[in-house]
Amino acid sequence: MARVAYVDEATAAESVGIAFERMREKRGKVTNIYRALAHKPAMLTTIGPFVAAVQAPDEIDARMKERIILRVSLLNSSLYCTHAHNQIMAKMGFSADEIAAVSDPSNATFDDPTRAALAFAEELTRSPGAVSEGTFATLRLHFSESQIVEITMLVALYNMVNRFNAGLELDLEEY
């Protein structure tokens, strides 16, 4: 059971209606994250577009981004995000083996760019101020500076999201 009540759509502040509608378009419903964040309309209406911008495929494609999100969520033992992104990846067409491979990238058959991005995500998650020069050099071999910024922001965002969800013990849900 979540540590805070979820805001009901019928009683939500008027300002969160657009945010709720965007989430409904994206996931088919208003998620528990949004229903919890609705207690703070200014935060919800600000973070929604930001998350969408960070998650959107840009120079880094959606499949790579989902692998990174799941890896960060697994490292943080985020039950909510791990549960959600396993489902999201399955809906994107990832096989069960491809999803499971994110749990142990060292034994997976990822290409070198994916391996580099996941290694960077792991070090940044485990030790934010101590990403090794070797790991960063390997990342640079495969990605431009703007792609590295995109990957870094995704990792940073999901470290925050994982902590928000864990702190409030948001209930798992189906996507």
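Q: Is helix 4 mostly enclosed or open, and why?
A: Largely enclosed by the rest of the structure, because 11 of its 14 residues are buried. Bear in mind that this is a predicted model.

Q: Which residues of helix 4 are buried?
A: Among them are Met64, Ile68, Ile69, Leu70 and Val72.

Q: What covers the buried residues of helix 4?
A: The cover includes helix 3, helix 5, helix 6, helix 7 and helix 9.

Q: How far apart are the end C-alpha atoms of helix 4?
A: They are 20 Å apart.

Q: What happens at the start of helix 4?
A: A side-chain oxygen of Asp61 comes to within 3.0 Å of the backbone nitrogen of Arg63.

Q: And which residue with positive phi follows helix 4?
A: Ser77, with phi near 50°.

Q: New topic. Where is Thr82?
A: In helix 5, which covers residues 79-91.

Q: Buried or exposed?
A: Thr82 is buried, because its relative accessibility is 15% and the cut-off is under 20%.

Q: What does Thr82 touch, beyond its neighbours within four places in sequence?
A: Leu70, Ser73 and Leu74.

Q: Now helix 3 and helix 9. How do their axes cross?
A: At roughly 135°, coming within 10 Å. The two helices are therefore oblique to each other. Their crossing is left-handed.

Q: Which residues meet there?
A: From helix 3, they include Ile47, Phe50 and Val51. From helix 9, they include Met153, Leu154 and Tyr158.

Terms used
Residues numbered from 1 in each chain as written. Predicted model: local features only at pLDDT ≥ 70, side-chain atom pairs only at ≥ 80, totals over all residues. Heavy atoms only, no water. Helix = DSSP H or I, 4+ residues; strand = E, 2+ residues; numbered from the N terminus. Buried < 20%, exposed > 50% of the residue type's maximum accessible area, 1.4 Å probe, protein only. Contact = heavy atoms within 4.5 Å. Expected span 1.5 Å × (residues − 1). Polar contact = N/O pair within 3.5 Å; in protein donor to acceptor, adjacent residues only side chain to side chain. Axes fitted to C-alpha atoms, helices over the stretch in contact; angles between N-to-C directions. Parallel < 35°, antiparallel > 145°, perpendicular 65-115°, else oblique. Left-handed = near helix turned anticlockwise from the far one by under 90°.
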